[in-house]
Amino acid sequence: MAEYKRRIADILLEHKMLGKGAVLIEGPKWCGKTTTAKQLAKSVLDLGDSAVLIQSRQMIEISPGMLLNGDTPRLIDEWQALPTIWDSIRSEVDRRGLPSQFILTGSSVLPNANETVHSGTGRFAHIMMRPMSLFESGESSGTISLRSLFDGEEITPQENHLEVEDIAYLTCRGGWPWATLIPEKVALDQASDYYTSVTDRDIQRVDNIRRSPDRARALLRSYARNISQQVSYATIRKDMLANDTSTLDEDTVADYIQALKKLFVIEDLKAWSPNIRSKAAIRTGDTRHFVDPSIGIAALGLGPKDLISDLQTFGLFFESMAVRDLRVYAEALDGELYHYRDSSGLECDTVLHRHNGTYALLEVKLGGEQRIEEGATCMKALANKIDTKQMKSPAFMAIITGVGKYAYRRKDGVFVIPIGCLKD
């Protein structure tokens, strides 16, 4: 049996279990939710097993408490397959009055409100789990800590060991835990298998609405062509129509996107709205992203060599991989990730805003001195626009790069950090 690679979610789960009777772990399938939950669970009800599910559907009508009996914490795996168990767990948490009773995992969003009586507020804590960051999978050395930078610590130059070929491969492989444990050539198949599973089966099972696998594939290809960009649903529709989808309206596009969000396949990056000393209007459109860039790469049928031969496409997918990692790290730092863009054309790829009010401006560049300089210029311009009477100045500014020999601090105070050196 392969050795378990400890996840950032392990720490979050251990912490949240101390304060709530139940913790729900959500995220895309294959991202490691069940494996992580089993590190802490003492007993398991596996509703992903069809035989167990059939029996459980009968038992929930007769004696729901029987399904919840077992050593605690008790894991209810793929709980959304039996939505009515939610209220049973909520009632049991109330009855026991103890923390650390249940862990639930789910690879689609909460059911409709009419399928449960109570939201679970006050009884349930939530964790969003994503595919592995490079630090979790072992490719990043973790010599530069975002937490340390927020704490104002200085960094000494650190060496980066990832080359452009490594970054191309890792972007295509994705952060799927199983893919990190098997030979490279086979590992690249995992994202393609995931893409096929989503378009051929999951897109129809998520809410029992019949959808076209061909249309789902067209939608994902269009999303991939617009990765890391702020484009509208209307633009995605036009792109799909230009690529062999004969009849399609915007409402249908929105329906497919919503279904893919329910499956945690698509995870757009929302806009940041700071207090600024400027009349420029802040753009509120989302930046298009998958939960892992390998999904989009699989949709387009690309590989590492294709990315290296097309640096523009490579740069957009690398940005999406950086967003994946930064989202994982933001969870550990009690924060969220956003992007910034205003009517003057000023942009910032990502803003990591913590719930304590501190934030960092982060640009993402594949590499190159000119690109690094452009990123630094944009961040400094945005920092100068911030109304510091209304909110804090940025804790730090950094450019996350794909390639580059070292992590270091520039003379203007901006950090340059290869993604192969980064951790939470």
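User: Over how many bridges do strand 3 and strand 4 pair?

Analyst: This is a predicted model. Strand 3 covers residues 74–77, and strand 4 covers residues 102–106. Arg-74 stands opposite Phe-102 in strand 4. The two strands pair in the parallel sense, and the number of bridges is three.

User: Which residue in strand 4 is the bridge partner of Ile-76?

Analyst: Ile-76 belongs to a strand with both faces covered, strand 3. Ile-76 and Arg-74 are buried on one side, Leu-75 and Asp-77 on the other. Across in strand 4, the bridge partner of Ile-76 is Leu-104.

User: Which residue in strand 3 is the bridge partner of Asp-46?

Analyst: Strand 2 and strand 3 pair in the parallel sense over four bridges. In one of these strands, strand 3, the partner of Asp-46 is Asp-77.

User: Which strands stand at the edges of the sheet, and why is one side of each left without a neighbour?

Analyst: Five strands form an open sheet, with parallel pairing, in the order 2-3-4-1-5. The strands at the edges each have a single partner strand, so one side of each has no neighbour in the sheet. They are strand 2 (43–46) and strand 5 (124–128).

Conventions
Residues numbered from 1 in each chain as written. Predicted model: local features only at pLDDT ≥ 70, side-chain atom pairs only at ≥ 80, totals over all residues. Heavy atoms only, no water. Pairing = 2+ DSSP bridges. Buried < 20%, exposed > 50% of the residue type's maximum accessible area, 1.4 Å probe, protein only.
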